Amino acid sequence: MRIDGSTYSIAELKEMIERKDLVVNREYQRGSRLWPSGARSYFIDTILTSFPFPKMYFYEYLDRNNRRTKRDIVDGQQRISAIIDFIDNKFALTSVSTNYSGMRFNDLDEETQNGFLGYSVPVDVIRNAEKSDILEMFRRMNAYTLPLNDAEKRHSTYQGIFKWFVNEFANQYSPVFVEFGIFTNRQIVRMADAELISEMILSLEQGVLSSSNTTLSNLYKKYDSEFVLEVEYRTKLNEFFGFVVNHLGELRNGFLMKPYVIHSLFCALMFNKYGLPNVEEKIGLEPIGALTRNVEEVLPSLQALAMAHEGKDLDGEFGEYVWGCTGGTNREPRRIARVRFLALALRGELLGN
């Protein structure tokens, strides 16, 4: 078996398919056109914005009936189908494509069309191999693949509106996550940011609860085909991240930027302004109709909590908050403790102001 790396333009691939020199081998691939509209649009947008995607695999052999070289698509059928259908104007891009939402191929200007057709697709061509060799190759490749975590499993299972909503926000704010020290690049690759955003939305719906893969999966399932609260949740998430960026720059890379604290900060801000289900009774406070009473007083109060957390000061005046930041940080009692102190800090009631 020999494997040679190559590239083909999309125009070349289309011509190969039309000549039947490139065909789908269903022994290797699932049925065609299984991707929903969101997934197909996201993939096409990847090409239009010149981002790379994983290489495809073709199996090259001599067709003895007509003495012509042919290639089977071993891995890449879904992507090829999406590309060809888009060129043939069979679907318009959804809102997951920020710059090309609602457009079909014919709606693109000539320069963009030419760029799409000229996009170089990375391909490994397998030659001098038996079909058993190809199956063994993929078994060996998959043996070294990291197992999916819960967030990755959700994003591979669900392909509807909610998944792409979370994906959009994760992409939009990934620079903030890294700059503020909330997540590392590696954590973002493993979709820790998507999980945090999902947890935030779950809190808007159900209040402050223990973290659960089941409840998050149910959220994806609930909004898979229709996301009636999309506009409301989009507004609230943007409001939160805007507050962090505009007012908490001095706290970046500190203890307030731990992911579990950021989740509680989101809950505290949303509770203060809008209220959250069943939270008022748990923390003994009422919403005030605003994120903060005086934004100028917020930073010193939050810094005091971060310092107590960093110093592990369980015996000080913020000991309950520190307890909420240690061990089992995704459990309801710890989250409730954090949300209460953060809500007080945001109101200017923490330091006796």
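Reader: How do the residues of the lining of the second largest pocket divide into nonpolar, polar and charged?

Author: Rolling a probe the size of a water molecule over the atoms shows where empty space is left. In this predicted model, the lining of the second largest pocket divides into 5 nonpolar, 10 polar and 2 charged residues. The pocket has a volume of about 410 Å³, and of its 17 lining residues, Tyr42, Asp45, Phe51, Val96 and Asn171 lie nearest the centre. H2 and H7 are the elements that give two or more residues to this lining, and H7 gives the most, with 6.

Reader: What volume does the largest pocket have, and which residues are the closest to its centre?

Author: The largest pocket has a volume of about 1600 Å³, and among the 40 residues that line it, Trp35, Pro54, Arg79, Ser156 and Gln159 are the closest to its centre. By class, the lining holds 20 nonpolar, 13 polar and 7 charged residues, and H7 again gives the most, with 6 residues.

Reader: Turning to helix H12, is it mostly covered or mostly uncovered?

Author: An α-helix has 3.6 residues a turn, so residues three or four places apart point the same way. In H12, which spans residues 259–274, 12 of the 16 residues are buried, including His263, Ser264 and Asn272. The buried residues of H12 pack against several helices, among them H9, H11 and H16, and the helix is followed by Gly275, whose phi is positive, near 80 degrees.

Reader: Why does Ser97 count as buried?

Author: Ser97 counts as buried because its relative accessibility is 0%, where the cut-off is under 20%. This residue is found in the loop between H3 and H4, and a polar atom of the Ser97 side chain lies 3.3 Å from the backbone nitrogen of Tyr100.

Methods
Residues numbered from 1 in each chain as written. Predicted model: local features only at pLDDT ≥ 70, side-chain atom pairs only at ≥ 80, totals over all residues. Heavy atoms only, no water. Helix = DSSP H or I, 4+ residues; strand = E, 2+ residues; numbered from the N terminus. Expected span 1.5 Å × (residues − 1). Buried < 20%, exposed > 50% of the residue type's maximum accessible area, 1.4 Å probe, protein only. Contact = heavy atoms within 4.5 Å. Polar contact = N/O pair within 3.5 Å; in protein donor to acceptor, adjacent residues only side chain to side chain. 1 Å grid on protein atoms, 1.4 Å probe; cavity = no way out; pocket = protein on both sides within 12 Å on 5 of 7 lines; lining within 4 Å. Points joined across faces, edges and corners; volume = space filled by probe spheres on them. Nonpolar A, V, L, I, M, F, W, Y, C, P; charged D, E, K, R; others polar.
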